[in-house]
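Grab your viewer and a pencil.

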Amino acid sequence: MAPKSMIEQIQEYSQGVLSLAPAIVLGSGFSAAHGVPGMWPLGRHLRDLDIDPTWDSEETTQWAAFSDQIDVGVDLEAALGRARLSDRQTAKVVEATRTFLMPADLQAFNEMLADRKTFPLSRLYQHLFNSTHRTVDVVTTNYDRLAEYAADAGGFSHFTGFDYGHLQIRARDPRTRVHYGRDVARTVCVWKVHGSLDWFQDSFGQIIGARACLETPPTYAPVMVTPGIDKYRLTHGEPFRTIFGCSDAALQCARAYLCIGYGFNDEHVQPKLIERCETTAAPLLVLTKELTPTTKSFLARGRCGKYLALEEYAGGTRAYNTDNPNGIEIPGTAIWSLPNFLNCMLGDTT
């Protein structure tokens, strides 16, 4: 029997991962493919904000230090961490982040309305639900609602930790589901560990979801944790404590993992994921335009028993696995991108 080609090996491994109903981890690279700005353009946008005339000299100095860091190419999280912004400056950054990202989020929604097949993630959901599974878990560091839109486009329910309706309060039970008669609807659970564009906190501390709000309502503040040192302080409160618990449980129970555009740069997500991959040999599949140094370092340690990582390379794909830790080139086939990956694994439907 002839040895299997690399494409055949990728198909066999990937189909095995998909058959295990993997937990899906979405990073900023996933959203970037749908036009949502990433950390670099967001950093430039924040740098160009007007200085508030009410800031004191210390605040002005810290903002100048932040801007200087962005100018010399420091990544946004490091720049915000070094600047030590005040609470009101952090609030300004959160509101500016929401304002900057919202148009791209709404554009993605409009594209979904025009064509329900816009989101390849919908096709992935459909494949995973073509089984006895009633729940797909998605863990994401993104604020946008692409994962939820993809569920809508696929005809599935979704749950983010809030009750259903236009004005959403936090669900008391993370197992809250829509029912059709006695049957539980197939549900995509989206665990948004850094918050969402439609989460807000009022002046009394109550947290709600309000999807119709294009602008932040008066007396409310967005519930979004931006990069930097404050994200470790703010995430000790609700709703993040509950969301982290649900995220950790999803990652702990998963039999496999599919990471899309995720760079393994967030301490709120990867500890449980890395632990499972290294101690139980739960299979890992990574799709991304470019593997980050953190991802490469994690894989290079050699403790991840089963993995396949695909990134862009010279118009094709570079694949990494335990047999090819330094990567092997697959020219002319961009299977690192989710649409092409699904065509390769499930068959091209175009």
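**Exercise 1.** Work out which helices each supply at least two residues of the lining of the largest pocket.

*Solution.* Start with the helices: H2 (28-32), H3 (39-47), H5 (76-83) and H13 (338-346) each give at least two lining residues. Helices here are DSSP runs of H or I with at least four residues, strands are runs of E with at least two, and both are numbered from the N terminus. Next, pick out the main contributor: H2 provides the largest share, five residues.

Now the space itself, which comes to about 1200 Å³. Of the 45 lining residues, those closest to the pocket's centre are Gly27, Ser28, Gly29, Met39 and Gly261. A pocket is an open set of points on a 1 Å grid over the protein atoms alone, where a 1.4 Å probe fits, with protein on both sides within 12 Å along at least five of seven lines; lining residues have an atom within 4 Å of a point. The volume is the space filled by probe spheres set on the points, which are joined across faces, edges and corners.

Before moving on, a word on the source: this is a predicted model, where local features need pLDDT of at least 70 and side-chain atom pairs pLDDT 80 or more, while totals for chains, interfaces and linings use all residues. Residues are numbered from 1 along each chain as its sequence is written, and side-chain values use heavy atoms, with hydrogens and water left out.

**Exercise 2.** How many disulfides does a search of the whole structure find?

*Solution.* Step one is the cut-off: a disulfide is a pair of cysteine sulfur atoms within 2.5 Å. Step two is the search, which finds zero. As a spot check, take Cys344: the nearest cysteine sulfur, that of Cys259, is 19 Å away.
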